[in-house]
Amino acid sequence: MNLRLSELLPWYVNGTLTDEDREWVDRCLAGDGDARTELKWLREMQSSIAQPVSDVAPDLGLARTLQRIRADRATLVDRIRSLLGARGFGSVVALARPIAGVAVVGVIVAQSASIYVLTHHAQEDSQQIRALRAEAANDSRLLRVNFAPDAKEADIRLLLSAIQGSLVGGPGQLGDYYVQVPRGAENAAVARLKSERIVAAVEIVASLPTTY
Amino acid sequence: MDDAKARQLLSRIARQDEAAFETIYRAFSRRVFAYALYMLKERDRAEEVLVDTMHEVWRCAARFRGDSLFSTWLIGIARNKALLVHRSRRADELHDDLDEVAETEVDELAPEGFAELAAKQRREGVQACIRKLSQEHRECLQLVFYQGCSLADVAHLQGVPENTVKTRLYHARQRIKNCLRLLIEREGANSGVSS
């Protein structure tokens, strides 16, 4: 069996080959008994891989996940209630209609104040992030680093310390970490990181991503 | 569930639609669980990863940019969660990743020999051999043969070039074959003694 055919067979089995490659594999299979044996083996392996979860219910863990989601929501509602309650929200409900208008105005004022506080904090956060990015742009360089699956947190910390690096972002969905190092030290840092077994990939990047 | 349907549901989840979330949960939970189980080899921890991953989907549905399949995005989240669990394990819990199979010499089997082997193999034997592979090889097999990921998607998820994926897949296949051969030889020897 030739190398290309051997390489393509797994993707033939999982159905992700292009039409052109699939037709080529079909032609090869027609005249190659070894390849047909390998194909049969791969299909058996595919079936074996699926077997351990064949009895797993589709709602496994669903109740716990929903519980967590609702707990998050309840926490948010509690926060809002406590914020408004401090300004007499609970008593507003019990008050007579003639003074309800006054209470509503009070609530609006309280909400406005809350919104102002939240907005102000958000602005502060944004300013901090912008400051961090500006700092990264001026005095330091950013590295995107992927650590090996078996990397331990203690080893990662030691390594970051050795390259004068600090974590400024991550992990992203694909395990990307963003490490800030002093400007001028980036090449040495990259070389050191590449030499470490616990580092799977490292790259100098211009900025932090907008989302992870 | 196809990708277009998953994206529709995801946009409803971004608007806090619990019914949409339950639908997508039931459609993809087994895939996430299977992936986590292959990575961590423990059902309890795999379930934790499933719950964490789906909770993240609820929280971050609006962040899906649509530049990959929904399922690839989802497995990317699960991968990150599983790696966090893996890293938090104590070193002595990870001894079984240092498998002797990976260190043994990989023999090429003659096709006819392997046909015989394939005929004899047991499902449990294959699973036992897969469990002995390194995490990256197990993950590669899982992504290809269970998740149905393309070569480009596996490379993207594992953060390696496509050629590395091909090499991992090749070695994983060879090591399983070698492991199975050893198992069958051992079984043959044992049955010879008892008879």
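Student: What makes up the secondary structure of chain A?

Tutor: The secondary structure of chain A comes to eight helices and four strands, where helices (H or I, at least four residues) and strands (E, at least two) are DSSP runs, numbered from the N terminus. This is a predicted model, in which local features need pLDDT of at least 70 and side-chain atom pairs count only at pLDDT 80 or more, while totals for chains, interfaces and linings use all residues. Residues are numbered from 1 along each chain as its sequence is written, and chains are lettered from A and ligands numbered from 1 in the order in which they are written.

Student: How do you know what span to expect of helix 3 of chain A?

Tutor: The expected span is 1.5 Å times one less than the number of residues; helix 3 (residues 33–50) has 18 residues and reaches 26 Å from its first C-alpha to its last, close to the 26 Å expected.

Student: Why are residues of helix 3 of chain A, including A:Trp41, called buried?

Tutor: A residue is buried if 20 or more other C-beta atoms lie within 10 Å of its own, exposed if 12 or fewer, and partly exposed in between, with C-beta atoms placed from the backbone. In helix 3 of chain A, the residues that count as buried are A:Ala35, A:Glu38, A:Trp41, A:Met45, A:Ser48 and A:Ile49. They cover an arc of only 135° around the axis (taken from the directions from the helix axis to the C-beta atoms), and therefore lie on the same side of helix 3 of chain A.

Student: What is B:Phe33 in contact with, leaving aside its neighbours within four places in sequence?

Tutor: Two residues are in contact if their C-beta atoms lie within 7 Å, and B:Phe33 is in contact with A:Val53, A:Val56, A:Leu60, B:Ala46, B:Glu47 and B:Leu50.
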